[in-house]
Amino acid sequence: MKTVIIHGQNHNGSTCHIAKQLADKIGGETSEFFLPQDFGDFCCGCTQCFTKSEIKCPHYESLSPITQAIDEADVIILASPVYVYHATGAMKAFLDHYGWRWMVHRPDERMFKKQGVCISTAAGAGTRSTNKDMADSLFFWGVPKIYKYGIGVAATSWDGVPEKKKRRVEKATDSIADKIIKRNGRVKPGIKTKGFFHIMRMLQKNGWNEADMNYWKAKGWTDNNRPWKKNM
């Protein structure tokens with residue numbers, strides 16, 4: 001099993017520690033990227049990825065190593081500490097670059113067979129909205145199974161986290177890892193994902209964007225093919 005972790009910060013704090021702990025329990029091969037260290041560009045709003053091709057993005061080459069790791073992974077972990085009740089700016093800037101991959105545009109069929117995890121920590125509150133920031137992208141990429149874990153650690157570093165909370169983290173990561181391992185290779189889109197895909201499919205039959213419309217037709221998705229079918 002392959003896991004990729006995208007860290008929404010450069011430092012090895014509580015969020016980073018929990019993400020690594022989970023990846024270790026999942027086992028297999030893990031790759032990690034730290035933002036903005038490994039990618040720190042902001043989307044410039046040129047819309048080239050939407051109207052022409054993602055390779056027209058001015059940051060396509062620098063983003064490619066992370067894109068490749070995501071494509072090859074069985075599990076995608078997005079981890080961000082809470083910054084003013086939301087994901088870090090670095091995480092948001094990173095996710096902005098994948099708008100073209102949302103189901104409304106050109107989703108990748110491999111996403112429909114993966115599992116995703118959103119992890120966030122805060123000294124106090126805000127983990128729910130932070131996890132939603134990241135889970136939105138995973139869902140609209142087509143990832144069918146998404147786990148969310150957030151905890152108020154009452155500390156600004158992992159060393160300062162009370163032992164009682166660390167034990168809670170251990171139990172939570174044990175549970176999530178166990179579910180991921182059991183479902184590996186067997187995840188399927190639910191009603192919500194299939195329903196949204198169907199709506200996008202109907203829209204793409206006529207299309208409003210030639211690049212998107214041609215992509216869907218080439219995949220056969222406007223006919224009877226589906227990205228979660230075994231023959232895909």
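**Entry 1: H1 against H6**

I began with two helices, H1 (residues 14–26) and H6 (residues 163–183), whose axes come within 9 Å and cross at roughly 45°. That makes H1 oblique to H6. I noted the scale for this word: angles under 35 degrees count as roughly parallel, over 145 as roughly antiparallel, 65 to 115 as roughly perpendicular, and the rest as oblique. The axes are lines fitted to C-alpha atoms, for helices over the stretch in contact, and the angles run from 0 to 180 degrees between N-to-C directions.

The crossing of H1 past H6 is right-handed. A crossing is right-handed if the near helix is turned clockwise from the far one by less than a right angle, and left-handed if anticlockwise.

I then looked up the residues that meet. From H1 they are Ile 18, Gln 21, Leu 22, Lys 25 and Ile 26; from H6 they are Val 169, Glu 170, Thr 173, Asp 174, Ile 176, Ala 177, Ile 180 and Ile 181. Contact here means heavy atoms within 4.5 Å. Sorted by class, the contact of H1 with H6 has 8 nonpolar, 2 polar and 3 charged residues. Ala, Val, Leu, Ile, Met, Phe, Trp, Tyr, Cys and Pro count as nonpolar, Asp, Glu, Lys and Arg as charged, and the others, Gly among them, as polar.

**Entry 2: what I am looking at**

I wrote down that this is a predicted model, in which local features need pLDDT of at least 70 and side-chain atom pairs count only at pLDDT 80 or more, while totals for chains, interfaces and linings use all residues. Residues are numbered from 1 along each chain as its sequence is written, and side-chain values use heavy atoms, with hydrogens and water left out.

**Entry 3: Ala 177**

Ala 177 is buried, with a relative accessible area of 3%. Buried means under 20% relative accessible area, exposed over 50%, and partly exposed in between (1.4 Å probe, protein chains only). Not counting residues up to four places away in sequence, Ala 177 touches Leu 22, Lys 25 and Ile 26. I also checked Asp 24: its C-alpha atom is separated by 9.0 Å from that of Ala 177, although the two are 153 residues apart along the chain.

**Entry 4: the whole chain**

I found 8 helices and 5 strands in the protein chain. Helices (H or I, at least four residues) and strands (E, at least two) are DSSP runs, numbered from the N terminus. Read from that end, the order is β-α-β-α-α-β-α-β-α-β-α-α-α.

The C-alpha trace spans about 55 × 40 × 30 Å along its principal axes. Of the 232 residues, 50% are buried. Among contacts with a separation of 6 or more, 77% are accounted for by residues 24 or more positions apart.

**Entry 5: helix H4**

In helix H4 (residues 89–96) I found Ala 90, Met 91, Ala 93, Phe 94 and Leu 95 buried. What covers them includes strand S1 (2–7), helix H3 (60–72), strand S3 (75–81) and helix H5 (127–141).

**Entry 6: backbone exceptions**

Most residues other than glycine have a negative phi, and most peptide bonds are trans. I looked for exceptions. Leu 35 and Pro 36 are joined by a cis peptide bond, with omega about 5°. Pro 36 lies in the loop between strand S2 (29–34) and helix H2 (48–51).

Thr 47 is found in the loop between S2 and H2, and has a positive phi of about 65° although it is not a glycine. Thr 47 is partly exposed, at a relative accessible area of 38%. Tyr 85, also not a glycine, has a positive phi of about 70°; its place is in the loop between S3 and H4.

**Entry 7: H7 against H8**

I ended with helix H7 (residues 191–206) and H8, which pack at an angle of about 110° with their axes 9 Å apart. That makes H7 roughly perpendicular to H8. H7 passes H8 in a left-handed crossing.

Phe 197, Met 200, Arg 201, Gln 204, Lys 205 and Asn 206 in H7 meet Asp 212, Met 213, Trp 216 and Lys 217 in H8. This contact divides into 4 nonpolar, 2 polar and 4 charged residues.

I looked at Lys 217, in helix H8 (residues 210–219). Lys 217 counts as partly exposed, at 44% relative accessibility. Leaving aside neighbours within four places in sequence, Lys 217 is in contact with Lys 205 and Thr 222.
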